[in-house]
Amino acid sequence: MEQNAKTVQKQVIVRLYQPDMDALKGAARQAGLQRDVQLKLYGQAGEVLVVIRAQAYAQAAATELTEMAAEQIEQAVGASAYARGKGSLAYVTAGEMIENECVIAAANPETGALIGEEFAATKRGAKVFDFGESSYNNTRTLHKIEDYAGDPDEETPLQMACDLATAAAKYGKAEFGCAVTGLESEKAVWAAVYYKGRVWARKIRPGEEAGKTAALTILDTVRLILQKQPVPYAKQFRAGKDAVWSEGKRAEKSGGAGKAVLTALIVIILAAAIGVGVWYALTTFVFTHDEPESSSVSTSQVQSLPESQSTAAASDSGIPQGELPAGNENGEHRLG
């Protein structure tokens, strides 16, 4: 009995950030169907830890069970799986930055405190983040960043976040710039990352976890950019240009205007087609007294024709009686 007992246990942690929860739950259910495998999910501020435990008769068998389950999870969620084991998101992102020889600068003390807290937990952090020494803690640099971004009362929080992130990279002499705005707002928090002329911004719901979520968003966005992966939870804008967040009422209003333009265009085309058809029918079937002099048949001759011949003359014109020629309609419409 004791020799056959499954006493060997193995545990693996798969770390994810902002995964597709439907895909994750489906993969977790599928992996959990395996005998002797248990899965638990823990989440905070968009980060999800999947703890996989397996029991077997031998170490190799237990390892194989956890590996299979971990691979199922990673394949289901794709690039949102950033590590296994104890490696934090800051640790992994710092590793990517070291490999690509780049650093990140924060736009202001508030952003710096959030990013600094994450990087302080790993020795790699000091290699990619200056903790404000040459950026927000330097008075001259901070003034340049603030001047570039402009007056917060005249710009939207989204625009401010994008401009601050751009300025942080420019004046902080870094490849990446980051900024967080709206932490004290009840509407929305914005996290922005600048890199090579582009800005990635994310809208975050305000609350107790907003600051932590913003910091992890910045770190994960940097990781995905360096890995040449899309950032599914953020929108991309050109640096130095107006950043418009098209959602909600703005999107509905824009869509409604587009439908109105399309409808009006169709009505105009149909009206024009009907007008041309009526004009053509009138000029074809109604005989007037203003015939050209070069006509081979005079007006009096046309009027003296018997009714049967007049009908035949109309049919000889090649246009059936009672039918209008089809108008030409363009089926393609472009909206401005």
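Start with the open sheet: four strands in the order 2-3-1-4, paired in the antiparallel sense. Strands are DSSP runs of E, at least two residues long, numbered from the N terminus. Two of them pair if DSSP finds at least two bridges between them. In general, strands of a sheet pair through backbone hydrogen bonds, either parallel or antiparallel.

This is a predicted model: local features need pLDDT of at least 70, side-chain atom pairs count only at pLDDT 80 or more, and totals for chains, interfaces and linings use all residues. Residues are numbered from 1 along each chain as its sequence is written, and side-chain values use heavy atoms, leaving out hydrogens and water.

Axes here are lines fitted to C-alpha atoms, for helices over the stretch in contact, and angles run from 0 to 180 degrees between N-to-C directions.

Next, select residues 8–17. This is strand 1, which pairs with strand 4 over three antiparallel bridges. Find V14: R84 in strand 4 stands opposite.

Now select residues 21–32. Helix 1 (helices are H or I runs of at least four residues) packs on the sheet and touches strand 1, strand 2 and strand 3 (47–56). Touching means heavy atoms within 4.5 Å. The helix direction makes about 155° with that of strand 2.

Last stop: I52, in strand 3. Is I52 buried or exposed? I52 counts as buried because its relative accessibility is 0%. Buried means under 20% relative accessible area, exposed over 50%, partly exposed in between (1.4 Å probe, protein chains only). Select Q38 too: its C-alpha lies 5.8 Å from that of I52, though they are 14 residues apart along the chain. Not counting residues up to four places away in sequence, I52 touches residues including V12, V14, L39 and A69.
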